[in-house]
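Subject: Structure for your review

Dear colleague,

Please find the structure below, together with its sequence. My notes on the strand arrangement follow.

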Amino acid sequence: MSKLDNLDLRLLLALVRDPRAQVSELSELLGVARNTAQSRIRRLLRAGTLRHSGRELDLEALGYDVVAFITIEVSHRELDGVIAGLRTLNQVLEVHEISGRGDVWCRVAATDTHNLQAALRSVLRIKGVIRTETVLALHEHIPYRTEPLLERLAQRPADS
């Protein structure tokens with residue numbers, strides 16, 4: 001897809017904030033004609049920038065070519081503070097408290113390896129972070145999905 005303009009980005013942000021927003025609501029919010037909003041949504045869907053869920057975005061299309069998974073070892077007294085610190089970093093996509101090796105797992109997006117290094121340094125500066133281990137994602141084979149779970153539940157016989 002060609003470079004995203006300001007209207008595309010504002011439209012994507014509005015859809016991420018409210019995936020169920022109607023085109024008329026989006027056009028009013030963005031100050032554009034309904035047909036403009038509708039055609040932009042179609043173009044973003046065709047290009048794969050906006051996935052059909054209306055909330056998931058193709059990070060590469062947004063310029064974030066590097067995705068990494070960071071396992072973080074944390075001083076347990078500082079766990080809440082570490083999570084609060086991670087919440088302030090705009091490159092952090094999700095955070096999970098985990099069992100096993102490490103205490104916290106997070107997924108981050110970066111524009112390139114230098115940008116990733118800056119994000120990692122920001123994580124290491126958070127009070128309570130002891131050490132990190134980073135793994136780069138090379139290719140997404142199966143994007144986040146819930147449809148198979150719902151299909152399985154829908155196939156169960158109804159309780160009487």
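β2 and β3 form a hairpin with six residues between them, and Gly 100 in the turn has a positive phi of about 85°. Please note that this is a predicted model, in which local features need pLDDT of at least 70 and side-chain atom pairs count only at pLDDT 80 or more, while totals for chains, interfaces and linings use all residues. Residues are numbered from 1 along each chain as its sequence is written, and side-chain values use heavy atoms, with hydrogens and water left out.

Strands here are DSSP runs (E, at least two residues), numbered from the N terminus, and two strands pair if DSSP finds at least two bridges between them. Strand β2 (residues 92-97) runs antiparallel to β3 and is joined to β3 by five bridges. Within β3, Val 104 stands opposite Glu 97.

Val 104 in β3 also stands opposite Ile 72. Strand β1 (residues 66-74) pairs with β3 in the antiparallel sense over seven bridges. The bridge partner of Ile 70 in β3 is Cys 106.

The four strands form an open sheet in the order β2-β3-β1-β4, with antiparallel pairing. β2 and β4 (129-137) stand at the edges with a single partner strand each, so one side of each is left without a neighbour in the sheet. The twist averages 20° from one strand to the next, with axes taken as lines fitted to C-alpha atoms and angles running from 0 to 180 degrees between N-to-C directions.

Strand β3 (residues 104-110) is largely enclosed by the rest of the structure, because five of its seven residues are buried (under 20% relative accessible area, 1.4 Å probe, protein chains only).

Yours sincerely

Conventions: Buried < 20%, exposed > 50% of the residue type's maximum accessible area, 1.4 Å probe, protein only.
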